[in-house]
Structures are given as structure tokens and as C-alpha cells.
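Colleague: I have a few questions about this model. Can we take them one at a time?

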Amino acid sequence: MLINKISISNFLCYYGSENQFEFVEGLNIVLGANGYGKSKLYDAFQWVFSDGITDNAPRATLGGVKLTNAVKGELVSEKAKAECAVGDSVETKVMVEVEDQRNGNLKKYQLIRTYRTRRTDEKTWVEPGKSEFQILEFDIVSYKPVSEAKHDDILERLIPVDVRPYVWFQGERGISNLIDTSSNGSLKNVIKRLSDIDRWDRYIEVAEKAYNTAKNAFDQELKKSDKNQVRIGELQTEQRLLETQVLRLEEQITNASQNQQSAQERKDALLASIEFAETINKLTQARNRAEAAYVAAVNQSDTFDEGLSRKLFSDNWVLLGSLPLLERFEAKLTAYDDAIAIRKATANLTRQVAEKLQIRLPDNVPEPMYVRQMLDEEHCKVCNRAAPKGSEAYDAINSLLVLEPEILQPERPRRNLKPFFKQFYVNGLGMKNSIESVNQRVRQSYHEQNTGRDRVRAYKDEFDAKVRELQQQEQLSGISNARDIVNSMNGAVADIQKFEGDLVGDRTKKKQNEDRLREINAELSKLSEGQVAPQLIQKKTILFDLMELTKRVKKTKYQELVQQLEDTANTHYENINAPTGAFYGTIRFVETGTPDRPDGGYRPVIIDNDGREVGNLNTSLVSSLKLSIIMAIVSANKTRNYASFYPLISDAPVSDFDVVKAMMFFRETANTFRQSIVIVKELLLEDTARTGRYKPDLPRLHELQADLQATGKTLNVYQLDMPDGVSNAFRNEIEVTIQKVDC
Amino acid sequence: MTQLDIVKSFLEDAEIQQKYGLTPADMAQMTMTSHHNTRAQMLVGLVRQLVNVVEDGSTPNLAANRLNAHLNTTLV
């Protein structure tokens with residue numbers, strides 16, 4: 001297939017209908033700086049052929065695309081949408097014009113994919129989940145529609161689905177997905193998909209069937225024999241048993257191999273995302289740990305805060321500042337004691353006075369009752385003489401009565417509070433030290449509280465940081481099921497190992513059985529001499545040899561293919577790297593498994609002049625290694641000759657290369673592929689006359705064109721540009737223009 | 001890959017050459033109709049027939065029957 005033209009209308013950043021590239025047989029380079037629509041041009045091809053655009057998520061698998069029903073209105077130019085009136089529609093359309101020549105028969109097609117979206121109000125669009133696809137075939141004077149039933153066949157003939165990822169790939173990830181240098185299955189898959197190795201399986205199948213037919217005829221004849229019947233019977237029984245076992249083992253080997261392949265494919269599909277998933281998994285674990293630490297710190301802080309309230313009482317904080325009260329209490333208690341003592345002394349004194357008063361009469365003075373009696377009788381009984389009222393004696397007696405002290409009533413007993421206050425005071429004294437240090441303890445506790453809160457804040461910050469880091473990683477990778485991916489990867493790796501073990505065991509048993517079958521065959525042939533027609537024995541023998549031969553030849557052919565692939569990859573590798581002057585080594589496909597028991601897989605490595613594997617290759621060497629293998633895949637297979645049939649379309653394949661190496665890649669690509677369309681940002685220079693714009697590096701392009709002309713190749717260059725003043729930062733302004741570069 | 005190339009791919013196998021007395025010189029001069037010693041000729045004929053039937057696109061059963069029929073004829 002040759003691609004003659006692509007016309008793009010309102011597709012992603014290609015606004016309007018004037019976007020057209022015309023391609024030539026040879027090297028087509030499309031130059032575009034970042035954000036100028038390089039990948040969108042690649043997507044335009046993808047969309048027409050696959051009804052999808054490249055899935056940029058790391059989880060995407062080999063050649064993975066996001067289909068129209070997933071992207072819908074995202075396909076449509078934002079600028080065209082911005083200009084669309086309510087009620088109107090925008091049509092997105094990409095047309096690829098191709099020609100295909102096989103066996104002298106030239107056919108031309110137009111492949112057209114269209115998507116329409118209608119605006120129902122300012123913010124709402126009707127976005128169907130399907131695009132329309134048409135193939136038109138050139139018929140003498142014009143293009144005419146081809147029935148839909150033929151679409152798949154035509155597309156498959158133009159470029160088979162299994163070939164497409166190897167000649168159409170995007171950027172470093174696209175290359176990495178194709179050739180995984182760490183996978184032993186990667187090259188095996190490549191060889192299986194892109195070579196005619198399967199043809200040798202057909203030879204094996206036919207030879208096996210032919211042999212079985214001959215063997216059945218031989219066995220039938222042998223049964224009729226009358227000599228050595230017992231031994232022949234034993235051998236035939238064992239033979240049938242072993243054959244059944246071999247068949248069963250082959251079936252098991254096929255199943256195990258398919259299962260291993262399936263697990264390998266699962267692993268390969270996850271390879272792009274496993275690194276992200278593992279990172280996300282680790283970040284998730286780190287986030288969980290940070291969350292647990294944060295929650296623990298919050299709980300600890302809350303518990304501490306609750307403790308602070310309790311400490312108001314349990315640690316006497318409530319008594320903070322009460323020391324003066326204690327001192328006042330002490331003073332009051334002392335005063336109380338003094339007051340009690342004074343009162344007691346006073347009372348004592350009073351009583352003594354009273355007592356003294358009550359007994360102030362001399363011993364010979366009668367008691368008041370006798371005084372009153374004497375007054376009543378007006379007679380002094382002391383001196384026993386009359387004392388009439390009004391007499392001096394009466395007055396003298398009466399004076400004794402007047403001075404009679406008042407009988408003091410005994411004081412009512414009072415409750416003795418001293419022990420109570422004493423105890424109170426003693427208790428207070430007991431807390432004195434504690435009260436004195438409350439301030440210090442409060443300060444200490446508040447310090448601890450602040451430390452705890454600082455810790456909570458630090459854990460919160462760490463937790464937030466982990467959450468942000470995780471979210472960023474998830475957004476960057478588009479992975480939201482990291483644990484599933486990691487689990488699936490672990491499962492796939494475990495499956496690969498398990499099935500590998502099964503395969504080794506089954507293959508060993510099968511070989512033992514086959515060896516024994518050969519011995520039985522040889523013995524039966526000997527026993528059959530004279531019993532079975534010689535032609536039958538000869539036929540069986542030669543068909544057995546043929547069957548074994550077909551198996552050996554397939555193995556040899558496979559090894560030859562690997563060698564051819566390695567040789568061709570080295571040619572491309574050397575052509576790309578030698579002019580840089582830096583070390584690049586040699587590609588070697590190392591058989592995987594063990595030396596005694598290779599597993600049929602190969603791993604590409606770089607070796608130095610001493611044959612040692614070189615580790616820690618820089619990305620430029622790794623990319624050139626992979627690109628060389630891809631070129632080798634395409635050009636090494638002379639039978640299918642992909643380089644002639646299918647154009648290379650690659651977006652940013654040389655992003656890891658310096659300009660010298662990129663130039664070598666362009667030359668190598670031109671020499672390998674009949675047609676190549678390479679979309680790159682290299683060979684562009686800043687345009688000093690225009691702000692933020694670029695211009696082609698014409699001296700290098702002239703140099704490249706001169707080189708290509710010398711080998712009869714054509715160079716065709718376009719530049720993706722943008723009108724001055726338009727920013728590619730605003731999607732509804734983006735408008736890519738296409739300039740043909742005159743080299 | 002021509003049918004002769006495929007036939008040669010089979011007959012270049014060292015083990016089969018040794019067993020059937022084929023030499024590198026035989027291989028170099030081989031055509032689709034060249035003759036060899038009787039034993040080798042039988043194998044070469046069988047391989048040619050195998051390549052014919054497989055490349056013709058015959059079904060495996062039909063192809064196997066044709067190989068048996070071919071040997072029935074040549075081994076008489």
C-alpha cells in the first residue's frame with residue numbers, strides 16, 4: 001500500500017477543511033513542534049483504519065486505541081465547536097487516499113471516516129457513539145462506493161491488523177510496547193506474527209497423518225502374523241498406550257503453552273502500566289501508613305486534651321493560685337486558735353472572779369439566805385442583837401445583801417471546731433507543694449499538648465502530601481486500579497512459572513515416550529520381517545523419517561529466522577549509530593531458558609567487543625536497538641516483504657536521538673521502507689522573525705535530500721505551523737496550518 | 001520461497017542426508033526433476049510430493065493420502 005493523500009476536516013486540532021498532506025513514495029517528513037498537532041496527524045491515520053485514536057494512558061496495550069464511542073465529541077476541533085451555532089452541526093472527516101499494487105494489479109481507494117455532532121444549546125451537544133466509514137474504489141474515471149461487506153477484506157489487504165503495530169507506532173512507548181527487551185516472549189511473538197514460520201507446521205501435520213496411515217496399515221498386517229504373536233502383542237499394546245500418552249502430553253503441552261502465552265500476553269499488556277501501578281501501590285501503602293499515623297496522633301491528642309480537663313481536679317490544677325488562700329487560712333486558723341484561747345482565758349477569769357465574788361463574804365458572814373432572814377427578822381444573828389429596820393445595824397446587814405453577786409449562768413457548751421479546721425489546714429499543707437508546682441505542670445502539659453498538636457499537623461501534612469502524590473500519580477497514569485494491576489501481574493508471573501514447570505515436565509515425559517516408541521518401532525520392524533510386506537515396512541519407515549524431518553526443519557527454520565533477524569537488526573543498528581562516534585556495541589538475541597533446556601524465547605541484548613552483555617544502556621541506544629529490530633522485522637522477511645507492502649507511519653520515533661543520529665535514522669528508514677511518513681519535531685529551528693514559532697532546518701534537510709537522491713529516494717517535507725498570535729494553550733483557538741517545505 | 005527452495009530446506013538436513021546417502025553436491029545440483037541413488041531418490045520424490053501437496057493447499061488428510069499413494073506406487 002502507498003498512501004497518496006490525507007485530508008483532515010475539523011479533526012482534533014485540525015480546524016476547517018483545508019488540511020491536506022500529499023505523500024510520495026520515499027521518505028515523507030512532517031515537522032511540528034510540541035503542541036502543533038503531530039500526534040493528531042498520527043491519530044488521523046489511526047482513526048480512519050481503527051475507528052479510534054491512540055490511548056495515551058500507560059495502561060494501554062500494544063497498539064491500543066480509544067474507540068470513537070469512548071472519545072465521541074473529543075474528536076471534533078474545539079475551534080469548530082466554538083464557532084458552531086446552536087442547532088447546527090460540526091462534521092469531522094478524515095479521508096486517506098491509497099493505492100495498492102499486487103501481482104501487477106493496481107487498485108486505488110479512498111477511505112473516509114466521518115463523525116457529526118450537533119449543538120442543542122450553549123453547553124450541550126448530541127454526540128453519537130459511532131462514526132461512519134466508507135471505502136470508495138477508483139473505477140476508470142471516478143471513485144465509487146464499495147459495499148460494506150468488503151470493507152474488512154480491503155483493510156486487511158491494505159495493512160493487516162497484526163502487522164499494523166509494527167509499522168505504525170507512536171513515540172518511545174510505542175516502540176517499547178513492540179519490543180520488550182526484558183521479555184523472552186517478545187521476539188517469539190514478533191517472529192510468529194510476522195514470519196511464515198507457521199507454514200512448517202502444515203508440513204509436520206501432513207507428514208504425521210501420512211505416517212499414521214502407513215503405521216495403521218502395518219499394524220493390521222502384523223496382527224495377521226503367526227510368529228512372535230505374544231511379543232508383538234505386548235509391543236503393540238505398549239505402543240498404543242505410549243501413543244495415547246504422547247497425544248495426551250502433546251495436548252497438555254499445547255494447553256500449557258497457550259496458557260503460558262496467554263499469561264505472557266497478560267504480563268506484556270500490564271508491563272506498560274505495572275511500573276506506575278507498583279508506584280501507586282507503594283504510594284497507597286505510604287498514604288495508608290501516613291493516614292494511620294495521623295489518626296493515631298489525632299486520637300492521642302484528643303485523649304491528651306480530655307486528660308487536661310481531668311487534670312483540673314486530678315492534678316489540683318483547680319487550686320492554681322490558691323496558695324495565698326492557704327496562707328490566709330493559716331492566719332485565720334492561728335487567729336481562731338488565739339481567739340479560742342483568749343475566750344477560754346477570759347471565761348476562766350470571769351468564772352474565777354465570779355467565784356471570788358460568791359465567796360467574798362468572810363467565813364463568818366452568813367449566806368445571803370441568812371442575811372435575808374436576819375433582815376426579815378430585823379435581828380442580827382451574828383452578834384445576836386436587834387437590828388430594826390432603819391437602824392444602822394439593819395442597813396449594815398442590808399448592805400451585805402446588795403453586794404450579793406449575780407449568779408452567773410453557766411455558758412452553753414460550744415462545738416469544738418478546732419480539729420476540723422486543723423485537719424483542713426493539714427490537708428491544705430499536704431497539697432502545698434503540689435499547688436506550688438501546678439503552674440509548672442500546667443505549662444508542661446500545655447507544652448506537651450502543643451507538641452502533640454504539632455505532631456498532628458505534621459502527620460496531617462504528610463498524609464495530605466501522600467494523598468496529593470498519589471492523586472498526581474493516578475492522574476498522570478490514568479490508573480485507578482493499581483492493586484488489581486499488581487495482583488494481575490503477580491498472578492501472570494506465577495502462571496508463567498507454573499506453566500513453564502508443566503511444559504518442562506510434559507516435554508521430558510513426551511521425549512521419554514517417543515524414545516521408547518522408536519525402540520518399539522525398531523523391534524516391531526525386526527519382528528515383522530517375513531511377516532509383513534517389505535513395501536509396508538519401507539513405507540512406514542520412510543514416512544516416520546519424513547515426520548521427524550519436518551519437525552527438525554521447523555526448528556532449524558526458526559533458528560535461521562532469529563539469526564536473520566539479528567543480522568538485519570545489526571545492519572540497521574550499525575547504520576544508525578556508527579556515525580555518532582559513540583559506543584554502540586552489537587545486538588545479540590540471547591536464547592532464554594537454560595543452556596540444556598532453552599524455552600524457545602529470545603531476549604535482545606547489546607554486547608561489547610569481548611562478547612559481554614552491556615548493562616545500563618542509555619535511552620538513545622535502547623531506542624535505536626528497538627527501532628533497528630522493528631526495521632529488521634519489516635525488512636528481514638523477504639517472503640512477505642513488508643517493507644514493500646506497507647508504509648511506515650511513526651510519530652516521534654527519534655525523540656531520544658541527537659540530530660546526527662536522527663539524520664541517520666531518516667536515511668535508514670528511507671532505505672528500508674518503500675514509503676515512510678515520519679512525524680518529528682527534530683530538524684526545526686526557532687524562527688527569530690516570529691514569536692514562539694519555528695522554521696525548518698533547511699541546511700540539514702538539503703543534506704538529507706542530497707543523500708536520498710544519491711540512492712534514488714525522494715524526500716517530501718511538510719511543516720505544521722500556527723498563525724501568528726494563536727496560542728496552542730487555548731484549545732478553542734487552536735488552528736494548525738500545513739506548509740509544504742521546499743527542500 | 002519457491003517449491004525447490006522448500007524441498008532443499010528439507011534435504012539440507014544433515015541427519016537425513018547421512019541416512020539416505022545424499023551429498024552437498026547432490027543438493028547443489030538438485031532440480032525438481034533431478035535423479036539420485038534409489039534410496040535417496042525415494043526420499044527426494046517423497047519430499048517433492050510433500051511440498052507439492054502442501055503448497056497446493058490440499059487438506060491435511062488429502063495430502064497425507066496422496067503421500068501414501070505416491071509411496072504405494074514407487075515402492076512396488
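**Contacts, interface and a helix pair**

Modeller: This is a predicted model. Start with chain A: take the contacts between residues at least 6 apart in sequence, and 71% of them join residues at least 24 apart.

Colleague: What percentage of the residues in chain A is buried?

Modeller: Chain A has 20 helices and 21 strands. Its residues number 743. Of these, the buried share is 31%.

Colleague: Which element gives the most to the side of chain A that touches chain B?

Modeller: The contact takes 20 residues from chain A and 22 residues from chain B. On the chain A side, the elements giving two or more residues are α8 (199-223) and α16 (534-577). By class, that side has nine nonpolar, four polar and seven charged residues. With 10 residues, the top contributor is α16(A).

Colleague: Now chain B. Are α4(B) and α5(B) roughly parallel or roughly antiparallel?

Modeller: Helix α4 (residues 38-55) and helix α5 (residues 60-74) of chain B have axes that come within 10 Å. They cross at roughly 155°. Angles over 145 degrees count as roughly antiparallel. So α4(B) is, relative to α5(B), roughly antiparallel.

Colleague: Is the crossing of α4(B) and α5(B) left-handed or right-handed?

Modeller: The residues that meet include Leu46(B) and Leu50(B) in α4(B), and Leu67(B) and Leu71(B) in α5(B). The contact of α4(B) with α5(B) divides into eight nonpolar, four polar and one charged residue. The crossing of the two helices is right-handed.

Terms used: Residues numbered from 1 in each chain as written. Chains lettered and ligands numbered in written order. Predicted model: local features only at pLDDT ≥ 70, side-chain atom pairs only at ≥ 80, totals over all residues. Axes fitted to C-alpha atoms, helices over the stretch in contact; angles between N-to-C directions. Helix = DSSP H or I, 4+ residues; strand = E, 2+ residues; numbered from the N terminus. Parallel < 35°, antiparallel > 145°, perpendicular 65-115°, else oblique. Left-handed = near helix turned anticlockwise from the far one by under 90°. Contact = placed C-beta atoms within 7 Å. Nonpolar A, V, L, I, M, F, W, Y, C, P; charged D, E, K, R; others polar. Buried ≥ 20, exposed ≤ 12 C-beta atoms within 10 Å, placed from the backbone.
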